[in-house]
Amino acid sequence: MHTAGSWRVNEGTDSAVLAALYLRSALGIRIPAELPPLRETPTSMEPAGEELEAQWHQFWQMTVEPEAHPADVPLDLVDGFGTLIALPRTAEVLRRAAAPLAADVLAFVERTQQRLEAADQTTDLTWTNAVQAEEQRRGRAASPFLLRVQILPFAQRGAWWIGQLTIAVSDGLRGDVVAFGSTIRPIVADVF
């Protein structure tokens, strides 16, 4: 976590986000279209049907920003995923499609979390420097903000908005402090 004054950036990798993106790739879901696939995940060449895609999209929104997208019906855990995935009771198509992938998803999430934790970059000052530069440019202190940053093993380097207060950053970009600093400047300006 990066904090100073009235702003906070929570940086990490949420296991449920990894699981959702694994399912996205394996099930042939093409939304959000701007997000690249994760590395080391199977990719279905068969596109998902509309109902599966809609149910996954609802699950994605609830996973990324649960406060902004609460479930409108009770949630149930999906067999085989432990407490990692809970879906609305109405998401039967997604539940049936996800169930056979449980062991592969869990193994991928565990492997990826271990690798990303070993490469954790949270001790650098990139966020603090970006906020301070924006404060100097505007001639005032930053307005209060909270930004969530998901560090993910995307097949392509970059940063993408995945919610109103959440961005996804490729681990490759996050590992390059200079490129990462350049990339987050406009993001800081947006939330400032």
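Axes are lines fitted to C-alpha atoms, for helices over the stretch in contact, and angles run from 0 to 180 degrees between N-to-C directions. Helices (H or I, at least four residues) and strands (E, at least two) are DSSP runs, numbered from the N terminus. The structure is a predicted model, in which local features need pLDDT of at least 70 and side-chain atom pairs count only at pLDDT 80 or more, while totals for chains, interfaces and linings use all residues. Residues are numbered from 1 along each chain as its sequence is written, and side-chain values use heavy atoms, with hydrogens and water left out.

Two packed helices are described by the angle between their axes and the distance between the axes. Helix α1 (residues 15-26) packs with helix α2 (residues 50-64) at an angle of about 160 degrees, and their axes are 10 Å apart. The two helices α1 and α2 are therefore roughly antiparallel (angles under 35 degrees count as roughly parallel, over 145 as roughly antiparallel, 65 to 115 as roughly perpendicular and the rest as oblique). The crossing of α1 past α2 is left-handed, that is, the near helix is turned anticlockwise from the far one by less than a right angle; clockwise would be right-handed. Ala16, Val17, Ala20, Leu21, Leu23 and Arg24 of α1 make the contact with Trp56, Phe59, Trp60 and Thr63 of α2 (contact means heavy atoms within 4.5 Å). By class, this contact of α1 with α2 has eight nonpolar, one polar and one charged residues; Ala, Val, Leu, Ile, Met, Phe, Trp, Tyr, Cys and Pro count as nonpolar, Asp, Glu, Lys and Arg as charged, and the others, Gly among them, as polar.

For helix α5 (residues 126-138) and helix α7 (residues 177-191), the axes come within 9 Å and cross at roughly 45 degrees. Helices α5 and α7 are therefore oblique to each other, and α5 passes α7 in a right-handed crossing. Residues in the contact include Trp127, Ala130 and Val131 of α5 and Phe180, Ile184 and Val188 of α7. Eight nonpolar, two polar and two charged residues form the contact of α5 with α7.

Strand β2 (residues 7-12) pairs with strand β5 (residues 145-152) in the parallel sense over six bridges (pairing requires at least two DSSP bridges). Within this pair, Glu11 of β2 stands opposite Val149 in β5. Gly12 also lies in β2 and touches Val149, Gln150 and Ile151, not counting residues up to four places away in sequence. The C-alpha atoms of Gly12 and Arg148 are separated by 8.2 Å, although the residues are 136 apart along the chain.

How values were computed. Buried < 20%, exposed > 50% of the residue type's maximum accessible area, 1.4 Å probe, protein only.
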